[in-house]
Amino acid sequence: GFVDYGEDPEVGVLRELQEECNVEGRAPELICVAGKPDRDPRKHVISIVYSVVVDPAAQVSAGDDAATAHWYDLQTVWNEFELAFDHKDILHQFLQKKHPAVLG
């Protein structure tokens, strides 16, 4: 999702999580900012990436403009998923900071 004009990104990340996945989050922690002009072939997009605390028992479901929403095992995502653009690099930064054991 995108931050609304005039919205604090820390508020936006929690709003988007609620809108897209029907999950309430709290305590956003900045992981990285990705902004290389050629990172997305569609247009110059700057991603502000946060880690957010959620209830591990929360039931995720697609909302707003999300087609689907699921919980996935981080090890499976890291080892088996093909991610768009520079998202594997972003995930690597997240794992280094929050779940280094996944990286081995």
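Buried means under 20% relative accessible area, exposed means over 50%, and partly exposed lies in between (1.4 Å probe, protein chains only). These legends describe a predicted model, in which local features need pLDDT of at least 70 and side-chain atom pairs count only at pLDDT 80 or more, while totals for chains, interfaces and linings use all residues. Residues are numbered from 1 along each chain as its sequence is written, and side-chain values use heavy atoms, with hydrogens and water left out.

**View 1. Asp40 and Arg42 meet in a salt bridge.** A salt bridge here is a side-chain nitrogen of Lys or Arg within 4 Å of a carboxyl oxygen of Asp or Glu. For this pair, the N to O distance is 2.5 Å. Asp40 is buried, at a relative accessible area of 6%, whereas Arg42 is exposed, at 64%. Searching the whole structure turns up seven salt bridges.

**View 2. Arg15 forms salt bridges with Glu16 and with Glu19.** For Glu19 and Arg15, the corresponding distance is 3.1 Å. Glu19 and Arg15 are separated by about one helical turn, because they sit four residues apart in helix α1 (residues 9-21). Helices (H or I, at least four residues) and strands (E, at least two) are DSSP runs, numbered from the N terminus.

**View 3. Leu30, Val33, Ile46 and Ile48 make a nonpolar surface patch.** The patch covers about 370 Å², with accessible areas taken from the Shrake-Rupley method with a 1.4 Å probe; for residues, only the protein chains shown count as cover. Patches are built from residues with over 30% relative accessible area and no salt bridge, joining like charges within 9 Å and nonpolar side chains (Val, Leu, Ile, Met, Phe, Trp, Tyr) within 5 Å. Val33, one of the patch residues, lies in strand β1 (residues 25-34) and is exposed, with a relative accessible area of 54%.

**View 4. Cys21 and Cys32 belong to a structure with zero disulfides.** A disulfide is a pair of cysteine sulfur atoms within 2.5 Å. For Cys21, the nearest cysteine sulfur is that of Cys32, 18 Å away. Cys21 is partly exposed, with a relative accessible area of 21%, while Cys32 is buried at 8%.
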